[in-house]
Amino acid sequence: VLMNKLLNNSWTVRWLRYLNTWRAHRRIVKELNALDDKTLRDIGINRCDIDTLIWLEFDKERRGTNAKQ
């Protein structure tokens, strides 16, 4: 139990979690940007909204915190 507390409070663990989230979001952004405008419209997304849709306000609020997913 003590080890779990230490690991969860570690800045390196928080940083690694953020890095994993960033990589996953970045992969999705790249996939969406690879689609043509017609395909994006068909699924209801404007190209200019991709970053906003992927990086939700929830993610922005959690940056640098110890919140678990």
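Is E31 buried, exposed or partly exposed? In this predicted model, E31 has a relative accessible area of 48% and is partly exposed, because the exposed class begins over 50% and the buried class lies under 20%. The side chain of E31 meets that of R27 in a salt bridge, with an N to O distance of 3.8 Å. Both residues belong to helix α2 and are 4 residues apart, about one turn of the helix. R27 is likewise partly exposed, at 49% relative accessibility.

The chain as a whole contains 5 helices and 0 strands, so that the order of elements from the N terminus reads α-α-α-α-α. Of its 69 residues, 22% count as buried. The accessible surface is about 5,700 Å², and carbon and sulfur atoms account for 57% of this area. Among contacts with a separation of 6 or more, 42% involve residues 24 or more positions apart.

The largest nonpolar core consists of 7 residues, namely V29, L32, L40, I45, I50, I54 and W55. Helices α2 and α4 (50–54) each contribute at least two residues to this core. For L32, leaving aside residues up to four places away in sequence, the contacts are L40, I43, I45, R47, I50 and I54.

A nonpolar patch is found on the surface, where W11, W15 and L16 together have about 400 Å² of accessible area. L16 is located in helix α2, which spans residues 11–34. The relative accessible area of L16 is 45%, and this residue is partly exposed.

The model has 3 salt bridges. Besides the pair formed by E31 and R27, one joins D37 to R47, with the closest N and O atoms 2.8 Å apart. The C-alpha atoms of D37 and R47 are 7.1 Å apart. Both partners fall in the partly exposed class: D37 has a relative accessible area of 42%, and R47 is at 34%.

A further salt bridge links D42 and K38, the closest N and O atoms being 3.2 Å apart. These two residues are 4 positions apart within helix α3, a separation of about one helical turn. Helix α3 covers residues 37–42 and also holds D37. D42 and K38 are both exposed, whereas D37 is partly exposed.

Conventions: Residues are numbered from 1 along each chain as its sequence is written. This is a predicted model: local features need pLDDT of at least 70, side-chain atom pairs count only at pLDDT 80 or more; totals for chains, interfaces and linings use all residues. Side-chain values use heavy atoms; hydrogens and water are left out. Buried means under 20% relative accessible area, exposed over 50%, partly exposed in between (1.4 Å probe, protein chains only). Patches are made of residues with over 30% relative accessible area and no salt bridge: like charges are joined within 9 Å, nonpolar side chains (Val, Leu, Ile, Met, Phe, Trp, Tyr) within 5 Å. Accessible areas come from the Shrake-Rupley method with a 1.4 Å probe; for residues, only the protein chains shown count as cover. A salt bridge is a side-chain nitrogen of Lys or Arg within 4 Å of a carboxyl oxygen of Asp or Glu. A nonpolar core is a set of buried Ala, Val, Leu, Ile, Met, Phe, Trp, Tyr and Cys residues joined through side-chain atoms within 4.5 Å. Contact means heavy atoms within 4.5 Å.
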